[in-house]
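This briefing covers a two-chain model, taken topic by topic. The sequence and structure come first, and the notes follow.

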Amino acid sequence: MTSQPRADKPAAADAEPVPLTRALRVWRGDKAGGALTDYAVPAHEGEVVLDVLHRLQATQANDLAIRWNCKAGKCGSCSMEINGRPRLACMARLSSLPDGPITVTPLRTFPVIRDLVTNVTFNYDWALQVRSFAPPDGLPPGQYRMAQADVDRSQEFRKCIECWLCQDVCHVIRDHDDAKPVYAGPRYFIRHAELDMHPLDAADRRDALRERHGLGLCNITKCCTEVCPAGIKITDNAIIPMKERSADQRYDPLGRVLRSWRRREGRPPAG
Amino acid sequence: MTSTATKPSGVRARGRAAIGARTLRTDRWWAYPLTTFTVLASFVGYATYAAIANRDYFAAPYISPFYSPCLSFHCGTVPGSHGVPHLGWFGTWWIITPAVIILIFPLGFRLTCYYYRKAYYRSWWLSPPACAVPEPRRRYTGETRFPLLGQNIHRYFFYAALVFNVILTWDAVLGFDFGGHIGVGVGSVVLVINAVLLWLYSLSCHACRHAVGGRINHFSKHPVRYKAWTFVSRLNPYHGNFAWASLIFVALTDLYVRLVASGVIHDPRVF
């Protein structure tokens with residue numbers, strides 16, 4: 001259905017803006033089953049999908065389950081799939097969507113709880129598997145000193161709002177259930193990268209990343225980067241650098257010989 | 001009882017939102033894989049023809065990038081190659097086209113390139129064809145097994161590509177030498193553009209970014225490497241653009257030399 005202005009009132013400069021009507025197709029249901037349900041919801045200029053979902057909830061579907069919080073793209077709560085693409089509902093302007101029904105579904109990678117709410121426990125389980133910051137021995141808290149140039153890279157990854165859109169769109173998790181126990185996903189690859197690139201982190205994370213967290217399963221098709229609402233260059237700045245660091249350790253015999261030669265010569269390895 | 005072969009998986013797995021459609025995307029998501037497939041297939045087709053043609057690759061002072069450096073004694077004995085400089089490393093026993101001796105290196109560089117991996121995983125393997133569009137295969141091992149495990153030696157192909165860039169740059173310089181007189185022909189400009197694009201493609205490479213400084217964590221202790229890393233990091237976002245531009249232009253360069261060498265066109269001289 002194409003959006004059409006309500007024609008019962010003439011537009012006037014000082015009058016209330018005339019709402020449009022947008023057709024919504026919202027998935028309603030739970031783990032036992034469900035279906036896309038059609039609604040027609042008034043919508044104002046400048047609104048986002050979350051606004052019309054709230055209006056739908058307030059006027060026509062009071063029992064619609066939806067997760068949301070900040071309405072500013074900072075909390076990562078209102079993740080869902082809009083016209084088949086993982087997005088934050090609070091950042092999806094209606095004017096950016098094509099005319100016609102807007103299809104809204106829950107994240108299709110995770111088990112559904114009800115309506116637009118999914119169970120994202122998978123991600124929190126993996127969060128526990130990533131070793132936390134490991135400062136060097138003998139350096140007490142409060143004595144951490146580092147140059148800005150050294151932490152710029154890590155700070156990019158701190159912008160992550162844990163909306164799980166990257167995890168949702170990653171085809172390794174989305175299409176291959178058997179990979180879930182051995183593949184942490186892009187959100188945790190940037191967590192590894194953040195710590196591995198940290199100038200004061202003393203842990204070597206490459207073995208864990210490659211052997212247990214599934215870095216090799218990523219085939220760098222960049223969907224995680226495409227959907228990231230925080231604009232983090234997940235693939236270019238985290239996954240690929242970690243693949244290269246992993247190659248340093250495992251797949252680069254000449255480089256290893258060169259670096260061991262530097263150590264024998266008494267020259268400190270670059271680090 | 002449902003067999004393993006028919007058990008729903010991926011976005012249709014039990015517990016996820018019950019939605020029949022494999023994807024709900026309404027945009028032209030197929031345009032990128034289709035375009036990529038077409039361009040890459042066209043290049044592979046042309047490069048295969050150009051490599052096995054074994055003729056029309058030298059028109060003084062221009063040499064096709066597909067045949068430089070010419071390593072066989074037979075270089076110069078086929079039509080359209082008279083006068084080509086050659087090294088003769090492969091003696092007289094090498095009787096097939098000399099292009100295959102060298103094409104393995106630039107081909108390997110592009111085949112293992114992080115950008116092209118995205119391109120051909122999406123367009124040739126459909127793994128996935130587009131973001132939030134399911135891939136057709138159930139089994140998936142990513143880059144953890146042979147032969148895709150070999151993607152980890154990308155850096156070695158990068159080092160080889162640098163050698164070829166130097167050679168092709170020298171070829172571009174020789175493209176201004178018209179029998180001892182400096183001149184400029186259209187072919188001279190073509191060879192220069194080809195060399196510049198190949199350098200941009202190589203220097204924007206992720207392996208280059210890692211080698212010049214990406215592997216270190218203390219940029220503040222390595223100011224020269226930090227500057228080099230910063231320079232490569234500025235080029236890196238355009239790596240995909242350089243990849244396409246250099247791929248297409250290297251084929252066009254060969255085509256130009258081929259047409260001049262075969263006498264189809266005459267090389268216009270600027271002066």
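Is B:Asn54 buried or exposed? B:Asn54 is buried, because 21 other C-beta atoms lie within 10 Å, and 20 or more is the cut-off for that class. The model is a predicted one.

**Chain B overall**

- Chain B contains 8 helices and 4 strands.
- Read from the N terminus, the order of elements in chain B is α-β-β-α-α-α-β-β-α-α-α-α.
- The C-alpha trace of chain B extends about 80 × 50 × 40 Å along its principal axes.
- Chain B has 271 residues, and 39% of them count as buried.
- Among contacts in chain B with a separation of 6 or more, 68% are between residues 24 or more positions apart.

**Helix 1 and helix 8 of chain B**

- Two packed helices are described by the angle between their axes and the distance between the axes.
- For helix 1 (residues 31-53) and helix 8 (residues 239-261) of chain B, the angle is about 35° and the axes are 11 Å apart.
- The crossing of helix 1 of chain B with helix 8 of chain B is left-handed.
- Helix 1 of chain B makes this contact through B:Phe43, B:Tyr46, B:Ala47 and B:Ala50, and helix 8 of chain B through B:Leu247, B:Ala251 and B:Asp254.
- By class, the residues of this contact are 6 nonpolar, no polar and 1 charged.
- An α-helix has 3.6 residues a turn, so residues three or four places apart point the same way.

**Helix 3 of chain B**

- Helix 3 of chain B is mostly covered, with 8 of its 10 residues buried.
- The buried residues are B:Tyr114, B:Tyr115, B:Arg117, B:Lys118, B:Ala119, B:Tyr121, B:Arg122 and B:Ser123.
- The cover over these residues includes helix 1, helix 6 (206-214) and helix 8 of chain B, together with helix 9 of chain A.

**Backbone features**

- B:Asn54 has a phi near 55°, which is positive although the residue is not glycine.
- B:Asn54 sits in the loop between helix 1 and strand 1 of chain B.
- A:Trp164 is another residue other than glycine with a positive phi, of about 70°.
- The location of A:Trp164 is the loop between helix 3 and helix 4 (165-169) of chain A.
- A:Trp164 counts as buried because it has 22 C-beta neighbours inside 10 Å.
- The peptide bond between B:Ala60 and B:Pro61 is cis, with omega about 5°.
- B:Pro61 belongs to the loop between strand 1 (58-59) and strand 2 (62-63) of chain B.
- A cis peptide bond also runs from B:Ser127 to B:Pro128, where omega is near -5°.
- B:Pro128 falls in the loop between helix 3 (114-123) and helix 4 (154-174) of chain B.

**Domains of chain A**

- The domain assignment divides chain A into domain 1 (4-118) and domain 2 (121-264).
- The C-alpha centres of domain 1 and domain 2 of chain A are 34 Å apart.
- Between these domains, 12 residues of domain 1 of chain A are in contact with 13 residues of domain 2 of chain A.
- On the side of domain 1 of chain A that touches domain 2, there are 6 nonpolar, 4 polar and 2 charged residues.

**Contact between chain A and chain B**

- On chain A, 52 residues are in contact with 44 residues of chain B.
- Elements of chain A that give two or more residues to this side include strand 2 (20-30), strand 3 (33-43), helix 3 (148-157) and helix 9 (234-250).
- Helix 9 of chain A gives the largest share of the side that touches chain B, 7 residues.
- That side of chain A has 23 nonpolar, 14 polar and 15 charged residues.

**The largest nonpolar core**

- The largest nonpolar core holds 111 residues, and A:Val49, A:Ala89, A:Val104, A:Val169 and A:Phe189 have the most contacts inside it.
- Helix 8 of chain B gives the most to this core, 9 residues.
- The core lies between domain 1 (4-118) and domain 2 (121-264) of chain A, because both give residues to it.
- Leaving aside residues up to four places away in sequence, A:Val169 touches A:Pro86, A:Arg174, A:Cys223, A:Cys224 and A:Val227, as well as B:Cys131 and B:Ala132 of chain B.

Key. Residues numbered from 1 in each chain as written. Chains lettered and ligands numbered in written order. Predicted model: local features only at pLDDT ≥ 70, side-chain atom pairs only at ≥ 80, totals over all residues. Axes fitted to C-alpha atoms, helices over the stretch in contact; angles between N-to-C directions. Left-handed = near helix turned anticlockwise from the far one by under 90°. Contact = placed C-beta atoms within 7 Å. Nonpolar A, V, L, I, M, F, W, Y, C, P; charged D, E, K, R; others polar. Core = buried A, V, L, I, M, F, W, Y, C linked by C-beta atoms within 7 Å. Buried ≥ 20, exposed ≤ 12 C-beta atoms within 10 Å, placed from the backbone. Domains from an automatic or database assignment.
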